[in-house]
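Reader: I have the sequence and the fold open. Please walk me through the model.

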Amino acid sequence: MAFPADLLNHTVTYWPPGSLGASGQPAPGAAATMAGRWEERTELFIDARGAEVRSQAVVYVASDVALGGWLALGDQSAEANPRTLAAAYSIRGFKKVSDVEGSTYLRKAFL
């Protein structure tokens, strides 16, 4: 069930959600890069509020990511605020499914 590691051939930058800022929205945490597979495609998914929405992109990632975090294609780790990047997207959905033994996982982020 795990996405084959050799197919995670893109570098993606992840900003986890941080503490609440002055605006009441989470400020992004420190950026980190990871292996992933970025696909520019729409996919129907159910968001955290239970609404049926379409993604702008789907990203298979090697590690867990959190709703409200941000992802961008490539190494964008020098940028502290992903909101200033046109190609950074908020994570609106995340799905993690294990194999039968529970030893490997398929992780999919919906942007």
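Reader: Which residues touch the most other members of the largest nonpolar core?

Author: This is a predicted model, where local features need pLDDT of at least 70, side-chain atom pairs count only at pLDDT 80 or more, and totals for chains, interfaces and linings use all residues. Residues are numbered from 1 along each chain as its sequence is written, and side-chain values use heavy atoms, without hydrogens and water. A nonpolar core is a set of buried Ala, Val, Leu, Ile, Met, Phe, Trp, Tyr and Cys residues joined through side-chain atoms within 4.5 Å; buried means under 20% relative accessible area, exposed over 50%, partly exposed in between (1.4 Å probe, protein chains only). Of the 13 core residues, those touching the most other members are Trp38, Val59, Val65, Leu71, Ile91 and Leu111.

Reader: Which strands each supply at least two residues of this core?

Author: Strands here are DSSP runs (E, at least two residues), numbered from the N terminus. The suppliers of at least two residues each include strand 1, strand 4 (32-39) and strand 7 (58-61).

Reader: Is Glu39 buried or exposed?

Author: Glu39 lies in strand 4. Its side chain makes a polar contact of 2.5 Å with that of Arg41 (a pair of N or O atoms within 3.5 Å; within protein, one must be able to donate a hydrogen and the other to accept it, and residues adjacent in sequence count only if both atoms are side-chain atoms). With a relative accessible area of 18%, Glu39 is buried.

Reader: Which side chain makes a polar contact with the side chain of Glu43?

Author: Glu43 is in the loop between strand 4 and strand 5 (44-46). Glu43 is buried, at 17% relative accessible area. The polar contact, at 2.9 Å, is with the side chain of Lys108.

Reader: What pLDDT does the protein chain average?

Author: pLDDT is the predictor's confidence in each residue, from 0 to 100. In the protein chain, 95% of the residues score at least 70. The average is 90.

Notes: Helices (H or I, at least four residues) and strands (E, at least two) are DSSP runs, numbered from the N terminus.
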